[in-house]
Amino acid sequence: MTKIILNGCLGRMGRVVRELTENDPEAQIVAGLDIAHAGAGLTFPFYTALSYCDMPADVVIDFSDPNAMRDLLEFCVEKQIPAVIGTTGLLKGDINEIDAASERVAIFKSANLSLGINLLSHIVEKAAKLLYDANFDIEIVEKHHNKKLDAPSGTALFIADTINKALGGKMKYVTDRSRKKEKRNRNELGLHALRGGTIVGEHSVVFAGRDEVVEINHSVLSREVFAVGSLKAAEFIKNKPPGLYDMRDLINSL
Ligand SMILES: NC(=O)c1ccc[n+]([C@@H]2O[C@H](COP(=O)([O-])OP(=O)(O)OC[C@H]3O[C@@H](n4cnc5c(N)ncnc54)[C@H](O)[C@@H]3O)[C@@H](O)[C@H]2O)c1
């Protein structure tokens, strides 16, 4: 049984994690955190700040906001509780703080907790090496619901980083072509964000060559995919020594 503190428990992802754990004999939410006001019906103690929470737990699952990061890391280091960080839109400073905290407690960080997107990143890594050398241009298009705060998505950036690493770090990310009247440069990696309706998450990596286009796509049909991934990550990380872990570590352990 994994005892979980859920940060951002009133949000869209928080709700799905709550629903999934209701009938799960292997996972239990022992406390929930959110800055919003909780209505009735929560089946666990609710807190508005981590500093008030002294509930023993195996892991914190976080689907909240980058602003929550400092308190979350301090709490996890002090209480020696590993964290699964699903929140995206993290700034460089947040990432540096996560890296520093991971020297003292286990942290699992993933901008996309679905198995499919992590498989896509493996495929894209191989395709990028081959197709860039064959003069293909590479662009990423992502689509999300109209409530999403960050753009481009954490997943689009994760895929871009995978491609950039595979190509030796020479790619320059371009998110806006409206300001310059210039031809596309070969080392550009375009990232395009569409926002609308209730789209859960779609990512498309486009390799455009001379007279042919290869597209690798991934669609998520429900948030449950991410919630299941976060629970698997929680189970994976709960007794791990300090360090930074991600979906590759989880997949390699299966
Ligand atoms: N890693 C993944 O696979 C994955 C999947 C889906 C969403 N996400 C990310 O997870 C985050 C949450 O997504 P969502 O759709 O549930 O958003 P949401 O806006 O529906 O929920 C966020 C919740 O966090 C709460 N919150 C805000 N600041 C907080 C703080 N400082 N401390 C505690 N709670 C705070 C909000 O009140 C809200 O209830 C986003 O960053 C999103 O991009 C990641």
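**The ligand and the cysteines**

Mentor: The ligand sits in the largest pocket. A pocket is an open set of points on a 1 Å grid over the protein atoms alone, with protein on both sides within 12 Å along at least five of seven lines, and a molecule sits in one if more than half of its atoms lie within 2 Å of its grid points.

Mentor: This is a predicted model, in which local features need pLDDT of at least 70, side-chain atom pairs count only at pLDDT 80 or more, and totals for chains, interfaces and linings use all residues. Residues are numbered from 1 along each chain as its sequence is written, and side-chain values use heavy atoms, with hydrogens and water left out.

Trainee: How many residues surround the ligand?
Mentor: There are 23, and the closest are Arg 12, Met 13, Asp 34, Thr 88 and Leu 113.

Trainee: Which backbone atoms lie by a nitrogen atom of the ligand?
Mentor: A backbone N or O atom of Gly 86 is 3.0 Å from a ligand nitrogen, and one of Ala 111 is 3.1 Å from a ligand nitrogen.

Trainee: And what about the side chain of Lys 148?
Mentor: An N or O atom there lies 3.1 Å from an oxygen atom of the ligand.

Trainee: Changing topic, how many disulfides does the structure hold?
Mentor: It holds 0 disulfides, a disulfide being a pair of cysteine sulfur atoms within 2.5 Å.

Trainee: Is Cys 9 buried or exposed?
Mentor: Cys 9 is buried, at 0% relative accessibility; buried means under 20% relative accessible area, with a 1.4 Å probe and protein chains only.

Key
A residue is near a molecule or strand if one of its heavy atoms lies within 4 Å of it. A polar contact is a pair of N or O atoms within 3.5 Å; within protein, one must be able to donate a hydrogen and the other to accept it, and residues adjacent in sequence count only if both atoms are side-chain atoms. On a 1 Å grid over the protein atoms alone, a cavity is a set of points where a 1.4 Å probe fits but cannot get out, and a pocket is an open set with protein on both sides within 12 Å along at least five of seven lines; lining residues have an atom within 4 Å of a point. Buried means under 20% relative accessible area, exposed over 50%, partly exposed in between (1.4 Å probe, protein chains only).
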